Amino acid sequence: MPTTADPTAGPATAPTGTLPDPAAERLRRWRLVLGGESDGTGCRLTRRDVAIDGALAALYRGAGDPAGGARRQGARSAGLGGSAPQVARWLGDIREYFPTSVVQLMQQDAITRLGLDRLLLEPEMLEAVEPDVHLVGTLLSLKHALPATTRETARMVVGKVVAELERRLADRTRATLGGALDRSAKVNRPRHRDIDWGRTIRANLKNYLPEAGPGGRGTVVPERLIGYARAQRAVKKDVILCIDQSGSMAPSVVHSAVFGAVLASMKSLDTRLVVFDTSVVDLTEQLTDPVDVLFATQLGGGTDINRALAYCQSKITRPSETIVVLISDLYEGGIRNEMLKRVAAMKAAGVQFIALLALSDEGAPAYDHAHAAALAELGAPAFACTPDVFPEIMAAAIEKRPLPVPNRD
């Protein structure tokens with residue numbers, strides 16, 4: 001449960017009235033964490049803190065009793081029950097008392113502990129929640145149960161999260177990948193950041209002027225600049241995003257849909273988006289709208305990575321110019337040895353193969369360590385990646401540089 005209340009809440013008061021502010025605030029926070037009347041802190045709550053305590057009690061009302069059954073003595077006794085109006089008021093309260101990051105965490109806990117997902121089927125409830133990636137994952141898993149009156153509201157909620165992710169990620173992705181250089185081509189009128197300084201200095205050594213610079217140092221006059229050409233005008237690389245849509249991969253699916261749409265908008269890349277569980281679906285035609293992509297996914301079910309890679313392999317026409325990004329926790333329900341053989345065959349043909357265990361802001365994911373180790377032996381290290389790092393990884397793949405694999409520690 002969140003242990004940090006809103007720092008803007010009113011000051012706490014203690015019976016002694018002599019505690020310094022930091023100590024009083026520490027007691028106040030412990031009082032809110034512990035709840036109940038006999039909490040042992042002796043800290044008196046302000047009216048605002050009482051309301052905050054009630055909002056916390058409605059959700060965290062006793063370990064092992066998320067459904068509101070019999071409670072042990074001294075445990076929090078409030079609850080949200082199944083009343084949509086009561087839940088709507090609670091959602092409004094926590095948005096008033098806590099910062100957005102805490103609100104999103106409490107909403108996730110409410111979905112897990114109280115079955116809030118059932119109430120998300122009502123449009124009024126959807127309008128009250130704070131949209132985030134996890135909420136989108138919940139809505140996608142419920143999409144077949146959404147009544148007609150709720151579907152449009154759900155699309156609006158998903159669209160809001162997607163728009164925020166695009167705002168955060170699109171410009172950086174285009175700038176990073178648009179700046180990927182074709183280092184085999186040279187130009188004589190490069191932009192400043194594209195200058196190959198080593199070749200430029202060697203080409204202008206004849207223009208060396210001794211003792212012409214500051215402090216009597218010699219200077220090379222760069223009469224002729226040599227730089228890298230930019231690889232933007234034609235399709236240079238084929239990118240295949242192959243995404244595991246099992247339930248645990250929901251945040252990765254959301255981020256992948258956004259990145260897929262961004263990559264598809266770049267003329268220098270030919271992007272294909274493939275999602276899979278035990279079946280394989282090619283969503284490339286829907287890449288212009290990541291919301292459509294997300295509503296076309298089917299979170300949950302089994303996993304057949306081998307089958308998905310077989311489909312991706314069938315779409316490769318230029319192996320040496322193709323990047324395959326597998327986004328999966330690697331829990332394979334298909335044929336393990338065949339999966340590894342396909343990866344080995346693609347790499348032998350010149351395909352750049354990247355295995356991401358997660359594409360999200362979460363911590364270290366749960367994944368199949370044996371499969372990750374087997375891929376690493378094939379020269380395809382598997383690692384988790386945050387959305388902010390993904391453009392750098394793609395740029396390195398495009399330029400055929402070593403991947404900036406995050407430190408495992």
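R167 and E164 sit three residues apart in helix α8 (residues 148-178), so about one helical turn separates them. Their side chains meet in a salt bridge, 2.5 Å from N to O. R167 is exposed, with a relative accessible area of 56%. E164 is partly exposed, at 41%. The model is predicted.

**Salt bridges**

The count comes to 13 salt bridges. Two others link strand β5 (residues 237-244) to the loop between α12 (305-314) and β8. In one, E321 of that loop pairs with K237 of β5, 84 residues apart. In the other, R318 lies in the loop and D238 in β5, so this pair ties together parts that are 80 residues apart in sequence.

| Pair | N to O distance |
|---|---|
| R167 and E164 | 2.5 Å |
| E321 and K237 | 3.1 Å |
| R318 and D238 | 3.3 Å |

K237 counts as buried, at 5% relative accessibility. R318 is partly exposed, with a relative accessible area of 31%.

**Covered elements**

Strand β9 (residues 352-359) is mostly covered: eight of its eight residues are buried. β9 runs parallel to strand β8 (residues 322-327), and five bridges join them. L326 has A355 of β9 as its bridge partner.

Helix α15 (residues 390-398) has eight of its nine residues buried, so the rest of the structure largely encloses it. Among the buried residues are F390, I393, M394 and I398. K400 follows α15 and has a positive phi, near 60 degrees.

E130 is found in the loop between α6 (123-128) and α7 (133-142). E130 is buried, with a relative accessible area of 17%. Beyond neighbours within four places in sequence, E130 contacts R95, T100, V103, Q104, Q107 and L135.

**Nonpolar surface**

W197, I201 and L205 form a nonpolar surface patch, with about 310 Å² of accessible area together. I201 belongs to helix α9 (residues 197-203). I201 is partly exposed, with a relative accessible area of 42%.

**Confidence**

The chain has a mean pLDDT of 78, and 78% of its residues reach 70 or more. Over residues 1-19 the pLDDT is below 50, and this stretch has 42 contacts beyond near neighbours in sequence. Residues 62-78 also have pLDDT below 50, with 33 such contacts. Where pLDDT is low, predicted coordinates should not be read in detail.

Definitions and conventions. Residues are numbered from 1 along each chain as its sequence is written. Side-chain values use heavy atoms; hydrogens and water are left out. Helices (H or I, at least four residues) and strands (E, at least two) are DSSP runs, numbered from the N terminus. Buried means under 20% relative accessible area, exposed over 50%, partly exposed in between (1.4 Å probe, protein chains only). Contact means heavy atoms within 4.5 Å. Patches are made of residues with over 30% relative accessible area and no salt bridge: like charges are joined within 9 Å, nonpolar side chains (Val, Leu, Ile, Met, Phe, Trp, Tyr) within 5 Å. Accessible areas come from the Shrake-Rupley method with a 1.4 Å probe; for residues, only the protein chains shown count as cover. A salt bridge is a side-chain nitrogen of Lys or Arg within 4 Å of a carboxyl oxygen of Asp or Glu. pLDDT is the predictor's confidence in each residue, from 0 to 100. Two strands pair if DSSP finds at least two bridges between them.
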